[in-house]
There are 2 protein chains.
Amino acid sequence: MGTGSSGSAARRSPRTGPTVEVLRVGHRPGRDPRLSTHVALVARAFGARRLVLHPPDPGVERTVRQVAERWGGRFEVVGAPSWTAVVRAARGPVVHLTMYGLPFERYVPRLRRASEVLLVVGGAKVPARLYGEATYNLAVGDQPHSEVAAVAVALRELLGPVPASAFDGARLRIRPRARGKSVVAREEAR
Amino acid sequence: MGTGSSGSAARRSPRTGPTVEVLRVGHRPGRDPRLSTHVALVARAFGARRLVLHPPDPGVERTVRQVAERWGGRFEVVGAPSWTAVVRAARGPVVHLTMYGLPFERYVPRLRRASEVLLVVGGAKVPARLYGEATYNLAVGDQPHSEVAAVAVALRELLGPVPASAFDGARLRIRPRARGKSVVAREEAR
């Protein structure tokens with residue numbers, strides 16, 4: 001995980017908390033592109049640095065790249081032929097989000113002190129080995145729901161609100177409105 | 001929205017905050033069953049009373065009913081032939097969750113004081129009229145992400161952690177574990 005730049009105070013300021021990557025395991029390219037795209041967009045919007053997708057899916061990578069080009073920031077989706085390689089290369093705690101795990105909220109203070117965290121979510125099929133490879137198996141509630149929601153809530157609890165600076169370089173920016181839509185296009189040298 | 005029982009202190013105790021229903025508008029039965037199922041399961045797990053699905057989709061209703069039978073509580077999915085009828089029958093604020101809206105968090109104190117709240121999320125296509133019919137158009141972050149995540153975060157902020165009593169009558173219960181899965185079946189008279 002990581003490019004060696006994660007310790008840069010300039011990059012992470014004024015965010016508090018770790019640099020977070022999300023690994024989505026067990027993606028099925030024919031069936032899951034929309035759900036994995038939702039996982040990716042949530043990872044981006046809630047402050048993760050990137051989504052690692054296993055197995056790779058160029059369609060999801062392209063869709064999310066187009067969103068990031070329009071809406072700013074440096075988020076990307078990268079494909080991983082081996083999920084175990086990603087887990088073993090992690091430089092911080094590996095947190096498998098599963099309804100069968102211990103309560104996530106109990107581990108938040110500890111995870112916030114890490115400099116890097118890898119959140120792992122499964123799809124329809126989760127490899128049994130993942131439970132053993134993870135540093136922690138943690139549950140965002142002990143009811144069945146959605147990996148999309150688990151990533152959102154986990155990131156929100158680890159990172160808090162994401163500063164606007166995380167989306168620097170956006171071509172489009174929303175002007176919040178009580179009714180209807182207002183989008184501002186920014187003409188910038190790129 | 002509602003059956004007239006929402007004022008029951010016994011039913012809502014010890015939860016604080018309003019009774020919440022979620023309306024999913026613009027569901028496409030052929031394309032969206034998995035995403036709408038995720039919205040429904042998130043609504044259930046994070047404390048909403050039910051999901052109203054427009055247009056109706058018996059497949060989603062059945063899937064979620066099976067989950068609720070196993071995992072407890074009274075959550076249900078009900079189909080609505082007309083979303084405007086649902087919005088107009090609401091007995092509290094109607095909150096359309098949209099990235100184009102005003103910041104959700106700013107309205108949380110006000111919404112927590114309501115006795116009923118209807119959260120509305122769109123799918124791929126959101127009817128323009130919804131912006132006018134809603135009491136509030138509010139954004140969970142001003143970046144594109146996912147209606148699944150928006151419902152999770154909004155419910156978490158409105159209701160806080162959901163008490164175990166919300167899932168009374170479960171046949172299955174998870175025993176949280178550091179590794180692997182442990183599910184306890186409860187033998188009860190039903």
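This note goes through the sheet, the helices and the chain contact of a predicted model.

1. Conventions. Residues are numbered from 1 along each chain as its sequence is written, and chains are lettered from A, with ligands numbered from 1, in the order in which they are written. Because the model is predicted, local features need pLDDT of at least 70 and side-chain atom pairs count only at pLDDT 80 or more, while totals for chains, interfaces and linings use all residues. Helices (H or I, at least four residues) and strands (E, at least two) are DSSP runs, numbered from the N terminus.

2. The sheet of chain A. Six strands make an open sheet in the order S3-S2-S1-S5-S4-S6, with parallel pairing; two strands pair if DSSP finds at least two bridges between them. Strands S3 (76-79) and S6 (136-139) of chain A are at the edges with a single partner strand each, so one side of each has no neighbour in the sheet. On average, neighbouring strands of this sheet are turned by 35° against each other, direction ignored.

3. Strand S2 (residues 50-53) of chain A runs parallel to S3(A) and is joined to it by four bridges. Leu53(A) has Gly79(A) as its bridge partner in S3(A). Helix H3 (residues 58-71) of chain A lies across S2 and S3 of chain A and runs at about 165° to S3(A). Axes here are lines fitted to C-alpha atoms, for helices over the stretch in contact, and angles run from 0 to 180 degrees between N-to-C directions. Two residues are in contact if their C-beta atoms, placed from the backbone, lie within 7 Å.

4. Strand S5 of chain B. What makes S5(B) largely enclosed by the rest of the structure? Five of the seven residues of this strand (residues 116-122) are buried, so the rest of the structure largely encloses it. A residue is buried if 20 or more other C-beta atoms, placed from the backbone, lie within 10 Å of its own, exposed if 12 or fewer, and partly exposed in between. Strand S1 (residues 19-25) of chain B pairs with S5(B) in the parallel sense over seven bridges, and Thr19(B) stands opposite Glu116(B).

5. Strand S4 of chain B. This strand (residues 94-103) runs parallel to S5(B), with three bridges between them; Val95(B) has Leu119(B) as its bridge partner. Five bridges join S4(B) to S6(B), again in parallel, and Leu102(B) stands opposite Leu138(B). Eight of the ten residues of S4(B) are buried, so S4(B) is mostly covered.

6. Two helices of chain B. The axes of H2 (residues 33-45) and H7 (residues 147-159) of chain B come within 9 Å and cross at roughly 5°. H2(B) and H7(B) are therefore roughly parallel to each other (angles under 35 degrees; over 145 is roughly antiparallel, 65 to 115 roughly perpendicular, the rest oblique). Among the residues that make the contact are Leu35(B) and Val39(B) of H2(B) and Val148(B) and Val151(B) of H7(B).

7. The two chains. In chain B, 38 residues are in contact with 38 residues of chain A. H2(B) gives the largest share of the side of chain B that touches chain A, six residues. Of the interface residues of chain B, 97% are also interface residues in chain A, so the copies meet through the same surface.
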